[in-house]
Amino acid sequence: MTAGRRIERRPTDLIWLVAGTLVLLACAQPVHADRVEPLEADAFRLINDLPSVPFPIVWVPMQLGNLLVVPAAVLAALAFRRWRLAGGLALAGAGVYALAKVVKHFVLRGRPSGLLDDVTVRGAAPHGLGFVSGHIAVVTALAYVAWPWLPRWGRWAAGAAVAAVFLTRMYVGAHLPLDMVGGAALGLAVGALVRLLLGVPARDPADDAAATADDTRKVA
């Protein structure tokens, strides 16, 4: 990406802001403090009951949603002199982490082991409230903010990071499915708001033309 690329604000980010907010609200409706609906419980067990693997294999990707990833991502952006991106990552990461804490106190729900029988807890037992997952909120917000700045391989990596956190937090018994979907929706909404505030790199017509040419060759 060239240093002189202009900055734009995309109407689609407003759509994602509204969509993320609506999904978050929709996920909160069926959440109860003392029970889990059968469909959600079944979805949780599909992941939590998978065969155990050495814990480090799970722990490492799970930490991609840790709050410490926020300053690491900001430093990486600064190292490449992406000042606007660094600011966006800092704002989105800190903002979504704080908002996740707020949501937890409005939608009260514990951890899976306190609501379901025979939950497999891998690693340290989770504590505190479960809805929403701060891990998935953080990684989703960071991925969405960074997306326009990343090359194709970087976008694949960002998407894989979100998927890894989404699955591993249920696998270790830390969160239920609606915790994860609601957290991802919160991250999407915050990321979209930050992109609207700070803008993103304008699309390069040359890149669009190259992508169109590639698609044409594949069809041919």
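R81 counts as exposed, at 61% relative accessibility, where exposed means over 50% relative accessible area, buried under 20% and partly exposed in between, with a 1.4 Å probe and protein chains only. What we have here is a predicted model, in which local features need pLDDT of at least 70 and side-chain atom pairs count only at pLDDT 80 or more, while totals for chains, interfaces and linings use all residues. Residues are numbered from 1 along each chain as its sequence is written, and side-chain values use heavy atoms, with hydrogens and water left out.

R81 sits in the loop between α4 and α5, helices being DSSP runs of H or I with at least four residues, numbered from the N terminus, and its phi is positive, about 60°, although R81 is not a glycine. D118, in the loop between α6 and α7, likewise has a positive phi, near 55°, and is exposed, with a relative accessible area of 69%. Most residues other than glycine have a negative phi, and most peptide bonds are trans.

That brings me to the bond joining F131 and V132, which is cis, with omega about 10°. Leaving aside neighbours within four places in sequence, V132 is in contact (heavy atoms within 4.5 Å) with residues including L24, A100, H175 and L186.

F131 and V132 are also among the residues that touch the most other members of the largest nonpolar core, which has 29 residues; such a core is a set of buried Ala, Val, Leu, Ile, Met, Phe, Trp, Tyr and Cys residues joined through side-chain atoms within 4.5 Å. α5 gives the most to this core, with seven residues.

Key
Helix = DSSP H or I, 4+ residues; strand = E, 2+ residues; numbered from the N terminus.
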